Amino acid sequence: RAQQTTMEGGKAEEDHVKRNEHGGVLVDEDELKAAFEFFDVQNKGVLTPADLKQRLGVFYKNLPAREYKFLISEPDFTYKTLHRLLVNNELKDFDPVREAFKVYDPHETGFVDIETLKGVFSSLGFGEITPEDVTVLVETADSDGDGRISLSDFRKMVSFSKTKEADLDLLHATVTGGGGAASGKKS
């Protein structure tokens, strides 16, 4: 359900965040699993502050060690722990896509900073991003055609990738006989 939020200057903007039954941020199981797997770099099934630092340090270079310890507050921080903390949250004034976008727009220009984007890709182990790679990334994400990636473009890119992933899952299920409308099987 869309809500109105007030932005600086008194201008209202639609709340693009899907909400759970408590009015908090809706977190689906696939997103939660992907997040846990992203942080569980050694595939141990348990997260530590060091795991968090290894991944979040790419985005938040000055986050103090005590913050990582605060975030991983239990000695056996498993997927179940993360699920319990996030699924029924009541985070009403939080937009995870906007917060993620801020990482790529450190100078608050309203657009992804290309040097920051290159740094994130490199730090995550994707190697160096060439000028040709940057062109492809921008052209792919730039939905309004202005040559830059805005929050609106970023939001569409995130939602587009979820839609495409669902389409690929359906195609895979159809091809492998795992069900779906085109397979002719009844679910």
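Lys 118 and Glu 115 lie three residues apart in helix H6 (residues 114–123), a separation of about one turn. Helices are DSSP runs of H or I with at least four residues, numbered from the N terminus. An α-helix has 3.6 residues a turn, so residues three or four places apart point the same way. The two side chains form a salt bridge, a term that denotes a side-chain nitrogen of Lys or Arg within 4 Å of a carboxyl oxygen of Asp or Glu. Lys 118 is partly exposed at a relative accessible area of 25%, whereas Glu 115 is exposed at 55%. Here buried means under 20% relative accessible area, exposed over 50%, and partly exposed in between, with a 1.4 Å probe and protein chains only.

The model is predicted: local features need pLDDT of at least 70 and side-chain atom pairs pLDDT 80 or more, while totals for chains, interfaces and linings use all residues. Residues are numbered from 1 along each chain as its sequence is written, and side-chain values use heavy atoms, without hydrogens and water.

**Salt bridges**

The whole structure contains six salt bridges, including those tabulated here.

| Pair | N to O distance |
|---|---|
| Asp 95 – Arg 155 | 2.8 Å |
| Glu 99 – Lys 102 | 3.1 Å |
| Lys 118 – Glu 115 | 3.4 Å |

Asp 95 belongs to the loop between H4 and H5 and Arg 155 to helix H8 (residues 151–175), so their pairing ties together parts 60 residues apart in sequence. Both partners are buried, Asp 95 at 11% relative accessibility and Arg 155 at 14%. Shared partners join Asp 95, Arg 98 and Arg 155 into one salt-bridge network. Glu 99 and Lys 102 are both in helix H5, three residues apart; Glu 99 is partly exposed at 29%, as is Lys 102 at 46%.

**The loop between H4 and H5**

Asn 89 is located in the loop that runs between helix H4 (79–86) and helix H5 (96–104). Asn 89 is buried, with a relative accessible area of 7%. Beyond neighbours within four places in sequence, its contacts (heavy atoms within 4.5 Å) are Asn 20, His 22, Gly 24, Val 25 and Val 27.

**Helix H1**

In helix H1 (residues 29–39), Leu 32, Phe 36 and Phe 39 are the buried residues. They fall within an arc of 70 degrees when viewed down the axis, so they line one face of the helix; the arc is that of the directions from the helix axis to the C-beta atoms. These buried residues pack against helix H2 (49–59) and H4. The face turned away from the buried side carries the exposed residues Asp 30 and Glu 37.

Technical notes
Helices (H or I, at least four residues) and strands (E, at least two) are DSSP runs, numbered from the N terminus.
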